[in-house]
Amino acid sequence: MDKFIIKGPTPLKGIIPVSGSKNAALPLMAASLLGDSPSTIHLVPRLKDIYTFNNVIRVTGTKVDFDEEANTLTIDPKHLGYLEAPYDLVRKMRASFYMLGTLIGHSGQAKVSLPGGCAWGPRPVDLHLKGFEEMGINIELDQGYVHASTQNHSVEGGEFTLKPSSVGATINLVLGAVKRAKKFTIHNAAREPDVVLLCKMLQQMGADIEGIGTSTLIIRKVDKLSGVDFSNDPDRIETGTFMIAAAMLPKSDITLTGCKPKDLGRFPNAFKKLGVDFSVDGSNIHIKSNNTIHPVSIRTEIYPGFPTDLQAQWATLMTQANGTSTVTDTVYFDRFSYVPELNRLGAKMKVEKNKVTIHGKTPLDGASVMSTDLRASVSLVMAAMAAGGTSEILRIYHLDRGYENLEEKLNNAGASIKRVPQEIPA
Ligand code: UD1
């Protein structure tokens, strides 16, 4: 296990390239299994979650080649024959549960482990399972596994309403329906860019999906899908994270390259209220920080609202705003494990139910803190870059799940981040 030693305060200057999206790549990888020829996906980030999913896919007999230098993944499902996703792999990453939809779509049968809990509380999969039952798939639970089966080659389909709207359930149901359900309608479907990109890839493979980008998806069965050459999108959460980091660190002046600003939804509306210089030029985003940051309260919402995956970073930024603000998470109610750690660095934050109140501006001082999940971890990195003195961030393996070359990118822009082995106490 590694830890970061971070010296602050440091501004960020220069160019930071944005990597391909982790959350968008995973469904594209799952979709590749539905083709009758290999698919190639470009702009796939070198991240632990991608390697984990490669291994989940390989279990089925599918061939996976990752050209890491080129960030290109080739997936050949010709020998897909083992219809199982075992607990040992699924527990490492919840998104492995996409194998349920893919295997149902591929063969009408699957044995997929239920995902375990998560660092920010219970994250159910009831909607995935109810949706498949509604589609006409037989679902049984046995010893922590979901067994899916169908009587016939195709099922009638029907309609299902997601309450609440769920990214993962929409993805799973789309993957399951495209080659299996005569007609299946998903109401209140997630409209996140990751879902749209998946539908576009499936469409290119030959799928019949109506309503892409809207909250009603109508899927009609096709018998055959072909492999495609397809490009993943840039990571919108990484983009937002670097924007927030630059705004937080005085004297910063950065250009983020390779972004897709349209995918940021309404996040830039909140960002503009901070009072920092911010402009978009094609796929480049420029940010120049100001000495004064205005307090801006936000509520997370489904896309195109403020993403829950940026709330921890935003709350961290608000510790340096001139005044009091609040961050309310309406998607996940228990995603504030970073708060006690930030308070150790000098922040003044208080959590009540699903809302954190932040009293800014408080000076931050280096200390030893612990990463608890992916977005909490990057928030601690940002706080440590803003803090005076040296900080130690323990358990940074969370970061390796979701941020490609994080310390290299930040160090190239002026940060002082050193990765060292973390001694495990006896
Ligand atoms: C995905 C993202 C995650 C992001 C989240 C919300 C990936 C790999 N992960 O997670 O980073 O934070 O979207 O944007 O893409 N729910 C149920 N029952 C279900 C499924 C979900 O009640 O069966 C609830 C959840 O508890 C949550 C809400 O629906 O309150 C939204 O969750 P969902 O969109 O499914 O998140 P994930 O797809 O797991």
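**Salt bridges and cysteines in a predicted model**

Good morning. Glu 210 is partly exposed, at 39% relative accessibility. Arg 220 is also partly exposed, at 28%. Please keep in mind throughout that the structure before you is a predicted model.

How many salt bridges does a search of the whole structure find? The search finds 21. I shall discuss two further pairs and then a network.

The next pair is Lys 260 and Asp 233, whose side chains meet in a salt bridge with an N to O distance of 3.0 Å. This pair links distant parts of the chain, 27 residues apart. Lys 260 sits in the loop between β15 (253–257) and α9 (267–272), while Asp 233 sits in the loop between β14 (229–231) and α8 (236–248). Are the two partners buried or exposed, wholly or in part? Lys 260 counts as partly exposed, with 28% relative accessibility. Asp 233, however, is buried, with a relative accessible area of 11%. The cut-off that matters here is 20%: Asp 233 is called buried because its value of 11% falls under that limit.

Some salt bridges share partners. In this way Asp 2, Asp 400, Glu 407 and Arg 419 are joined into one network.

I turn now to a pair within a helix. The side chains of Lys 130 and Asp 126 meet in a salt bridge, at 3.8 Å from N to O.

Finally, I come to the cysteines. A disulfide is a covalent bond between the sulfur atoms of two cysteines. How many disulfides does a search of the whole structure find? The search finds zero. Two cysteines may still be located in the model. Cys 199 is buried, with a relative accessible area of 1%. Cys 259 is likewise buried, with a value of 6%.

To summarise, the search gives 21 salt bridges and zero disulfides. Thank you for your attention.

Methods: Residues numbered from 1 in each chain as written. Predicted model: local features only at pLDDT ≥ 70, side-chain atom pairs only at ≥ 80, totals over all residues. Heavy atoms only, no water. Disulfide = S-S within 2.5 Å. Buried < 20%, exposed > 50% of the residue type's maximum accessible area, 1.4 Å probe, protein only. Salt bridge = Lys/Arg side-chain N within 4 Å of Asp/Glu carboxyl O. Helix = DSSP H or I, 4+ residues; strand = E, 2+ residues; numbered from the N terminus.
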